[in-house]
Amino acid sequence: MTPFSFTLEARSGGARLGRIDTARGAIRTPAFMPVGTAATVKAMLPESVAATGADILLGNTYHLMLRPTAERIDRLGGLHRFMNWSKPILTDSGGFQVMSLAGLRKLTEKGVTFKSHIDGSKHELTPERSMEIQRLLGSDIVMAFDECPALPASRDRIAESMQLSMRWAARSRDAFGDRPGHALFGIMQGGLEKDLREESARALTEIGFEGYAIGGLAVGEGQEAMFDCLDYAPGFLPEDRPRYLMGVGKPDDIVGAVKRGVDMMDCVLPSRSGRTGQAWTRRGQVNIKNARHMDDSRPLDEACSCPACRHYSRAYLHHVYRAGEMISGMLLTWHNLHYYQELMQAMRDAIAADAFDAFESAFHAQRAEGDIPPL
Ligand SMILES: [Zn+2]
């Protein structure tokens with residue numbers, strides 16, 4: 001079995017080009033991971049997701065533990081087989097979504113008890129239970145169980161929460177056990193407090209993980225504050241391990257994060273936007289609901305090779321959105337995921353050529369032009 005490893009191949013400024021090897025295949029970094037919340041990337045067949053260039057998907061522990069349950073997925077052969085995705089899968093720990101979705105939470109040193117948002121049933125998540133669920137799912141990259149306080153929060157609250165997360169990180173490491181080919185990532189917390197981020201990174205590095213995530217960002221602090229944090233936070237983490245920025249983001253967030261040394265990201269945005277008539281292109285965001293597209297026979301993006309752009313007009317995409325047809329979400333999601341993966345490939349090429357600055361300037365210049373003028 002291929003052991004889990006990370007190879008740093010090139011740099012351009014702070015941006016890093018690399019490759020993660022896992023038992024289920026390689027992940028080219030910087031990598032964008034589409035989100036397959038409930039064992040599906042909504043509106044996409046898994047082979048279509050792979051065709052966009054995705055090397056890895058993200059699955060959500062919170063959703064899967066409630067329905068259909070980790071034990072059932074295990075009995076059915078694991079998450080890869082269950083959802084027909086043979087490449088790597090990263091699962092989150094459930095901690096963040098318990099905080100954002102579940103009702104009646106109770107947080108103790110041991111873990112979190114909560115009521116399901118689906119049927120009100122009572123559940124418990126602890127570092128040990130989260131590791132067990134992610135093992136039952138068959139996840140290739142497992143995330144340590146952490147707590148992320150809702151913002152705004154006081155510095156004391158952020159510090160207490162971070163220290164609890166570090167104790168949970170150590171328990172996650174112990175419970176993960178010996179699983180060749182698989183990886184456990186620790187999650188840095190500490191809000192926007194530089195010294196707390198450093199303390200968190202030190203605690204995690206002492207425990208030792210195969211990779212490190214930067215948690216607690218993209219939770220409403222805004223891009224400027226996030227970039228300020230990313231100016232220093234990745235530098236607190238070991239050079240020779242992948243760095244994963246959780247829950248990011250818009251295309252310009254992604255470019256800014258890669259510039260600052262982030263290797264992996266995930267976000268529901270391209271798939272969620274695809275279901276609400278929003279497309280992301282080289283020229284920025286396009287709202288296909290807008291009446292200006294009604295008679296427009298041109299593709300969404302003439303330079304894009306995805307099925308939505310090769311075979312359909314803006315007028316068609318507008319029509320099926322207005323008519324509430326399922327193909328609307330299917331085509332726009334495909335386009336958005338394709339665009340995100342092309343963006344990652346363009347960044348990987350730019351880093352290999354040590355030309356990330358030039359790439360970044362061109363990226364922003366093209367977006368500043370805006371969408372093509374109406375017919
Ligand atoms: Zn397209």
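Visitor: Why is Cys304 called partly exposed?

Guide: Cys304 has 18 C-beta neighbours inside 10 Å, so it counts as partly exposed. The scheme calls a residue buried if 20 or more other C-beta atoms lie within 10 Å of its own, exposed if 12 or fewer, and partly exposed in between, with C-beta atoms placed from the backbone. Bear in mind that this is a predicted model, where local features need pLDDT of at least 70, side-chain atom pairs count only at pLDDT 80 or more, and totals for chains, interfaces and linings use all residues. Residues are numbered from 1 along each chain as its sequence is written.

Visitor: And what makes Cys309 buried?

Guide: Cys309 has 24 other C-beta atoms within 10 Å, so it lands in the buried class. Cys309 sits in helix 12, whereas Cys304 is in the loop between strand 16 (284–287) and helix 12 (307–311). Helices here are DSSP runs of H or I with at least four residues, strands are runs of E with at least two, and both are numbered from the N terminus.

Visitor: Which residues is Cys304 in contact with, leaving aside its neighbours within four places in sequence?

Guide: Cys309, His335, His338 and Tyr339. A contact means that the two C-beta atoms, placed from the backbone, lie within 7 Å. On the same terms, Cys309 touches Pro299, Leu300, Asp301, Cys304 and His335.

Visitor: Where does UniProt place the feature "binding site"?

Guide: The unreviewed UniProt entry puts it at Cys304, Cys306, Cys309 and His335. Such annotations may be inferred rather than shown by experiment.

Visitor: How do you know that they gather at one spot?

Guide: They span 32 residues in sequence, yet no two of their C-alpha atoms are more than 8.2 Å apart, so they do gather at one spot.

Visitor: Why are helix 6 and helix 7 called oblique to each other?

Guide: The axes of helix 6 (residues 127–137) and helix 7 (residues 155–176) cross at roughly 45° and come within 8 Å. Angles under 35 degrees count as roughly parallel, over 145 as roughly antiparallel, 65 to 115 as roughly perpendicular and the rest as oblique. Helix 6 and helix 7 are therefore oblique.

Visitor: Zooming out, how many helices and strands does the chain have?

Guide: 15 helices and 16 strands. The radius of gyration is 20 Å, close to the 21 Å from the globule rule for 375 residues, so the chain is as compact as a globular protein of that length. That radius is taken over C-alpha atoms, and the rule is 2.2 Å times the number of residues to the power 0.38.

Notes:
Axes are lines fitted to C-alpha atoms, for helices over the stretch in contact, and angles run from 0 to 180 degrees between N-to-C directions.
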